[in-house]
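The sequence and structure are shown first.

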Amino acid sequence: MLSLRKTKSAFGLDFQEMPDPRAPGPGEVMVAVENVGICGSDVHAYEWSEGYGFMSSRLPVTMGHEFSGRVVAAGAKAELAIGSRVTINPGVTCGVCAACRRDDARNCTARDSIGLTRDGGFAKHVTIPDRNCLVLPATVDMEVGALTEPLGVSCEAVLTGEVRLGDTVLIMGPGTIGQGIALMARAAGAGRVLMAGRADAPRFDVMRALGFDELIDIADAPLREQVLDRTSGAPVDVVLEATGHPTSISAGMSVLKKSGVIVAVGIHAEPVSFNLTDFVRNRHQLRASHGTSSYTFTRVLNLLGRDPESYRPMITHRMPLERGLYGFELARQRVASKVMLQP
Ligand SMILES: [Zn+2]
Ligand SMILES: [Zn+2]
């Protein structure tokens, strides 16, 4: 089967013809992948930017962790029936380390990640533990279902930021995670959602299609000026950063209310510096959000099940797996927002 793989610790990805994965063992299922999104982290791994060296010892690996599909084979003790429509939680835990034994699976010390450190969904078939599968609600099709993982990251960030009813929220970075944060902040009851980006026209178009029109292009004027202009000088309640640009942290803090929470979600290739005295005097709360807890996936599936169509505009490009490298280039050049590949 055709597989899109990271084969070496350098720029690029390669197509390789691979044998079908082994038949599922106890507690495993084989999934026939129908839709698989290209994630920002996939693009970083493709470019081989800072922060992805952890993959080196696991190469070659078939990438792709944002996928949906159908269970086509099940091993002994697997709890999913053949034909089940699923998406996945990419974090594979060991079940035996100290963290796993105290029911703290997110902090498993032997954690594997489907599509980063073990074979993922940029291929027709993949064999994974059945406990990593999440059954899609009947109202959610495979395409929208493949948005579950990035929406989980966004949902976790909004929970970490404690967005509350009527809040004014500033999101920095209109990529998929930022778009998802906007949707989740709205679902959490945010009164106003401001989105900042830099010369990001295609992704601003997606934001409009999702129903958000308070868009700030920091190529036009400084962030602080534009935010305070819109809020009549009032600072915002919560800032959520999904850019990966180090300057965004201090820029975000410059418009955040005293005691306000700023959540960093972006993966930053460089260290950040900010004025610590202002930070202390303003009692700003800088928090990190990374990945998704298993209950957060349940929350996302509940939301998707209620109104799947409101998420579909996030997907701007659809193409067969064979054209995957073209899809990566579109994502990399920020021409595309979410690219869905169909193996
Ligand atoms: Zn992802
Ligand atoms: Zn463990």
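This is a predicted model: local features need pLDDT of at least 70, side-chain atom pairs count only at pLDDT 80 or more; totals for chains, interfaces and linings use all residues.

How many salt bridges does the rule find across the interface of domain 1 and domain 2? The rule finds two.

## Domain arrangement

The domain assignment of the protein chain places residues 2-146 together with 307-342 in domain 1, and residues 151-288 in domain 2. Between the C-alpha centres of the two domains the separation is 28 Å.

## The interface between the domains

Contact between the domains involves 14 residues of domain 1 and 17 residues of domain 2. About 1300 Å² is buried between domain 1 and domain 2, and carbon and sulfur atoms give 59% of this area. Of the area that domain 1 buries against domain 2, Tyr 311, Met 314 and Arg 334 supply 42%, more than any other three residues.

Polar interactions are also present. Three residue pairs are in polar contact between domain 1 and domain 2, with both residues at pLDDT 80 or more. The rule also finds two salt bridges across this interface. Arg 334 forms a salt bridge with Asp 200 through their side chains, with an N to O distance of 3.4 Å.

## Helix H4

Helix H4 spans residues 148-160. The helix has 13 residues and reaches 18 Å from its first C-alpha to its last, close to the 18 Å expected at 1.5 Å a residue.

H4 is largely enclosed by the rest of the structure, because twelve of its 13 residues are buried. Among the buried residues are Thr 148, Glu 149 and Pro 150 at one end, as well as Leu 151, Val 153, Cys 155, Val 158 and Thr 160. After H4 comes Glu 162, which has a positive phi, near 50 degrees.

## Asp 167 in the following loop

Asp 167 lies in the loop that runs between helix H4 and strand E11 (168-172). Is this residue buried or exposed? Asp 167 counts as buried because its relative accessibility is 12%, and the cut-off for that class is under 20%.

Its surroundings include residues from several parts of the sequence. Neighbours within four places in sequence aside, Asp 167 is in contact with Glu 162, Gly 189, Ala 190, Gly 191, Arg 192, Asp 237 and Val 238. Glu 162, one of these contacts, is also the residue with positive phi that follows H4. Val 339 is 172 residues from Asp 167 along the chain, and their C-alpha atoms are separated by 31 Å.

Conventions: Residues are numbered from 1 along each chain as its sequence is written. Chains are lettered from A and ligands numbered from 1 in the order in which they are written. Side-chain values use heavy atoms; hydrogens and water are left out. Helices (H or I, at least four residues) and strands (E, at least two) are DSSP runs, numbered from the N terminus. Buried means under 20% relative accessible area, exposed over 50%, partly exposed in between (1.4 Å probe, protein chains only). Contact means heavy atoms within 4.5 Å. The expected span of a helix is 1.5 Å times one less than its number of residues. Domain bounds come from an automatic or database domain assignment. Buried area is the accessible area (1.4 Å probe) that two parts lose on being put together, summed over both. A salt bridge is a side-chain nitrogen of Lys or Arg within 4 Å of a carboxyl oxygen of Asp or Glu. A polar contact is a pair of N or O atoms within 3.5 Å; within protein, one must be able to donate a hydrogen and the other to accept it, and residues adjacent in sequence count only if both atoms are side-chain atoms.
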